[in-house]
Amino acid sequence: MASSTTVDCPQCYVRVKAEIKSWIGDAEDDAYFLSECPSCKKPLFGRAFVYRDEHNNWEWNHAERLWPIPASTEVSAAIPEAARRDIKDAQKCLSRGIYSASAVLCGRALERLIKEKSGANMIGKGLAELKTKGIIDERLFAWAEALRKERNIGAHASDEDTTKENAQDIVDFTIAIFDYVYTLTEKYEKYIARKASA
Ligand SMILES: [Zn+2]
């Protein structure tokens, strides 16, 4: 198999062509590779889907980093499909150093949440409504407000830039808000239902 792959380096925040030092398991299935970032020389461990091409040579695609830090943390299946896609894309942009796009995608995911839960089209108005309804509490409201502002910095031509640190925080806030509103709320409701029927 070819001896290099493109993978996102979390230390360099950029997509790199990394030399593959070794493969583990080269069946027609998931295989794991150990590679080295050409820039910072740190190890990158990942997974790829391995298959045979038309000339019967081993090939692979869908290479993704698993360590250090998985390229994308698992986004719960309880979160609606479109928002889940936005969050995953935001994570991809972040790990490739495209910070403003990452913030804009998080804002879009938040917009979807607000539309579904409050029916409002305006983020600001919808957030206030979600707080009044008790769907989000004071702290999540503050995080969502920060996210909204960062989204605006990313989306509009301004002197301010979305920094790496801010983009990372915004992705974390977004996942926390979605986990709270969808995943944990659903879990809690199931728990209460189970208690009631016991
Ligand atoms: Zn690197």
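A residue is taken as buried when its relative accessible area is under 20%. In this predicted model, Ala109 has a relative accessible area of 0% and is therefore buried. Ala109 lies in helix 2, which spans residues 99–118. Leaving aside residues up to four places away in sequence, the contacts of Ala109 comprise Ala83, Asp86, Ile87, Thr174 and Phe178. The C-alpha atom of Ala109 is 9.8 Å from that of Ile175, although 66 residues separate the two along the chain.

A zinc ion is coordinated through the SG atoms of Cys9, Cys12, Cys37 and Cys40, at 2.3 to 2.4 Å. The angles among the four donor atoms run from 105 to 114°, and the site is tetrahedral. Along the chain, the donors of the zinc ion are arranged with the spacing C-x2-C-x24-C-x2-C. Distant parts of the chain are linked by the pair Cys9 and Cys37, which are 28 residues apart. Cys9 belongs to strand 1 (residues 4–9), whereas Cys37 is placed in the loop between strand 3 (30–36) and strand 4 (43–52). Cys9 and Cys37 are both buried.

Helix 3 (residues 123–133) packs with helix 4 (residues 138–155) at an angle of about 175°, and their axes are 10 Å apart. Angles over 145 degrees count as roughly antiparallel; helix 3 and helix 4 are therefore roughly antiparallel to each other. On the side of helix 3, the contact involves Ile123, Gly124, Leu127, Ala128 and Lys131. These residues meet Glu138, Phe141, Ala144, Glu145, Arg148 and Arg151 of helix 4. By class, the residues of this contact are five nonpolar, one polar and five charged.

Technical notes:
Residues are numbered from 1 along each chain as its sequence is written. This is a predicted model: local features need pLDDT of at least 70, side-chain atom pairs count only at pLDDT 80 or more; totals for chains, interfaces and linings use all residues. Side-chain values use heavy atoms; hydrogens and water are left out. Donors are N, O and S atoms within 2.8 Å of the metal (3.2 Å for Na, K and Ca); water is not among the atoms, so sites may look incomplete. Four donors count as tetrahedral if all angles lie between 85 and 135 degrees; four count as square planar and six as octahedral if opposite donors are over 155 degrees apart and all others between 65 and 115; anything else is irregular. Helices (H or I, at least four residues) and strands (E, at least two) are DSSP runs, numbered from the N terminus. Buried means under 20% relative accessible area, exposed over 50%, partly exposed in between (1.4 Å probe, protein chains only). Axes are lines fitted to C-alpha atoms, for helices over the stretch in contact, and angles run from 0 to 180 degrees between N-to-C directions. Angles under 35 degrees count as roughly parallel, over 145 as roughly antiparallel, 65 to 115 as roughly perpendicular and the rest as oblique. Contact means heavy atoms within 4.5 Å. Ala, Val, Leu, Ile, Met, Phe, Trp, Tyr, Cys and Pro count as nonpolar, Asp, Glu, Lys and Arg as charged, and the others, Gly among them, as polar.
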